[in-house]
Structure formats: structure tokens, C-alpha cells
Amino acid sequence: MESNSAAYGASLAGAGFDLIKFIKQPQTIIRFLSWVFAIVVFASITAEGYVNSSTENQVKCVFNRNEGACHYGVGIGVIAFLACIAFLLADAFLPSMSNAQERKYVVMADLGFSGAWTFLWFVCFCLMADQWSKTQDTSGIPTDAVHAAIAFSFFSIGSWGALSYFALVRFRQGDADVSQNYADPPAVPTSLYPTTYTPLTYPSFQNTGPDVYQQPS
């Protein structure tokens with residue numbers, strides 16, 4: 001399997017890093033956008049997602065005073081932010097990985113994480129949009145920050161869905177390359193001895209001369 005240098009998205013495995021080509025890849029562009037979207041979501045909630053009323057000193061979450069909605073949005077955003085950086089580095093080092101099995105693990109991790117975060121961003125969008133629609137007192141709430149958090153959580157669904165699609169294409173292409181180039185090892189005999197036995201033949205000796213008989217004295 002080591003000979004499949006093109007498997008799992010590494011068309012030039014072992015080659016140098018091409019920055020221009022890396023930046024122009026659709027997967028890199030979408031991952032960078034996902035990184036920006038995550039910053040907008042958790043920064044909007046962290047900076048302006050908590051307010052206090054004139055009668056209370058303790059700040060409350062702007063999404064219907066539901067602390068869980070704010071915590072969920074910040075948590076998903078921060079993890080997505082860190083994951084984008086990690087997978088950008090993984091994509092950059094992928095061409096230098098000569099081992100197809102290691103590249104497969106990277107692609108599988110990308111596929112699994114992207115699929116999971118597509119679903120989690122969908123939950124985040126639904127949760128924040130629902131709680132905001134139930135918020136009755138919006139006085140003193142920075143609505144621009146709220147709308148930005150909701151909108152970019154929605155955009156994140158599409159960006160992470162696209163990343164899941166690209167990871168799935170890379171994974172399937174890698175499996176196809178491995179299947180086409182893989183050769184079964186030669187069969188190993190199960191026994192050290194031959195399966196059939198051929199008996200040895202010996203030459204027969206025939207006495208063609210006259211018989212000599214000696215009479216005892």
C-alpha cells in the first residue's frame with residue numbers, strides 16, 4: 001500500500017510544499033471561511049451576548065436569558081476555530097506524508113469532524129434562532145451582534161457541509177486508488193512437504209552368465 005502515492009489527496013506525496021497551489025484549493029478557501037465564521041459567532045456572543053437590565057446587576061444571556069444558548073454558541077465556535085487551524089496545518093503537511101495509511105487517518109478525521117460540526121452548527125442555529133424569537137424584552141440588547149451570531153452560525157452549516165463533501169470525495173478517491181494499485185502478495189505454501197509422493201525406483205540387476213555351483217569337499 002506504500003506505493004499508492006496519489007491515495008487520499010496527496011498527488012505529490014513526498015514533494016515540497018506549494019503555498020500558492022495550497023491557497024487556491026477550494027478546500028483551503030472554505031476552511032478559512034469556516035474559521036472566520038466561527039470567530040464572528042463566538043466573538044459576538046462573548047463581547048455583546050450578555051446584558052443586564054436596569055433592575056438587575058447580574059448579566060444574562062441575550063437569547064431569552066438562556067445561559068445554555070450562549071454557552072453552546074461559544075463552545076461550538078471556539079472548538080471550530082481551533083479545528084480549522086489544526087486541519088489547515090494537516091492539509092499543508094499532507095503532501096509530505098509518504099505513508100498512505102497516515103494520510104487515510106487524516107482524511108477520516110477530517111470527514112468525521114466536519115460531518116459532526118455540520119450537525120452541531122445546525123443545532124446551534126436552531127437553538128439561538130428559537131431563543132431569540134422568544135425573547136420579549138429586547139431593550140438594551142445589541143441586536144446587530146445577535147443577528148450576526150445567528151446568521152454566521154447558519155453560514156457555518158453550509159461551509160462545514162462543503163468540507164464534509166470534499167473530505168468524502170478525497171476518502172473515496174483514496175480507496176479507489178488503493179484498490180486499483182494494490183496487488184495481492186504471493187501465496188505461501190501451507191506445507192513444507194510435497195502433496196504427492198513418488199516412490200523411488202531402483203535399477204534391477206539380472207545375472208546373464210552361467211550359474212556356478214561349487215560342490216563342498
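This is a predicted model: local features need pLDDT of at least 70, side-chain atom pairs count only at pLDDT 80 or more; totals for chains, interfaces and linings use all residues.
What share of the contacts in the protein chain with a separation of 6 or more comes from residues 24 or more positions apart?

Okay, the answer is 78%. Let's see what kind of chain that belongs to. We have 5 helices and 2 strands, and if you read along the sequence, the order goes α-α-β-β-α-α-α. The protein chain has 217 residues, and 32% of them are buried.

Now, the record. An unreviewed UniProt entry carries the annotation "transmembrane region" for residues 32-51, 71-94, 106-128 and 148-168. Let me compare two of those with the model. For residues 32-51, we get 85% helix and 10% strand, with 31 Å between the end C-alpha atoms.

Let's go inside. The largest nonpolar core has 27 residues, and the ones touching the most other members are Ile45, Phe63, Trp117, Trp121, Met128, Val146 and Trp160. Which elements give two or more residues to this core? Those are helix 2 (26-48), helix 3 (67-93), helix 4 (100-133) and helix 5 (143-181). Helix 3 provides the largest share, with 7 residues.

I'd like you to click on Trp121. Leaving out residues up to four places away in sequence, Trp121 touches Ala38, Val41, Ile76, Gly77, Ala80, Ser153, Ser156, Ile157 and Trp160.

Next, the surface. Phe17, Leu19 and Ile23 make a nonpolar patch there, and together they have about 300 Å² of accessible area. Phe17 is in the segment before helix 1 (19-24). Is Phe17 exposed or only partly exposed? Its relative accessibility is 48%, so Phe17 counts as partly exposed; the exposed class starts over 50%.

Compare that with Ala47, over in helix 2. Ala47 counts as exposed because its relative accessible area is 62%, and the cut-off is over 50%. Now find Ala145 as well: Ala47 and Ala145 are 98 residues apart in sequence, yet their C-alpha atoms are 8.6 Å apart in space.

And that takes us back to the opening question: residues 24 or more positions apart account for 78% of the contacts with a separation of 6 or more. That's it from me, so over to you!

Technical notes. Residues are numbered from 1 along each chain as its sequence is written. Side-chain values use heavy atoms; hydrogens and water are left out. UniProt positions are given in the numbering used here, feature names are shortened, and annotations may be inferred rather than shown by experiment. Helices (H or I, at least four residues) and strands (E, at least two) are DSSP runs, numbered from the N terminus. A nonpolar core is a set of buried Ala, Val, Leu, Ile, Met, Phe, Trp, Tyr and Cys residues joined through side-chain atoms within 4.5 Å. Buried means under 20% relative accessible area, exposed over 50%, partly exposed in between (1.4 Å probe, protein chains only). Contact means heavy atoms within 4.5 Å. Patches are made of residues with over 30% relative accessible area and no salt bridge: like charges are joined within 9 Å, nonpolar side chains (Val, Leu, Ile, Met, Phe, Trp, Tyr) within 5 Å. Accessible areas come from the Shrake-Rupley method with a 1.4 Å probe; for residues, only the protein chains shown count as cover. A salt bridge is a side-chain nitrogen of Lys or Arg within 4 Å of a carboxyl oxygen of Asp or Glu.
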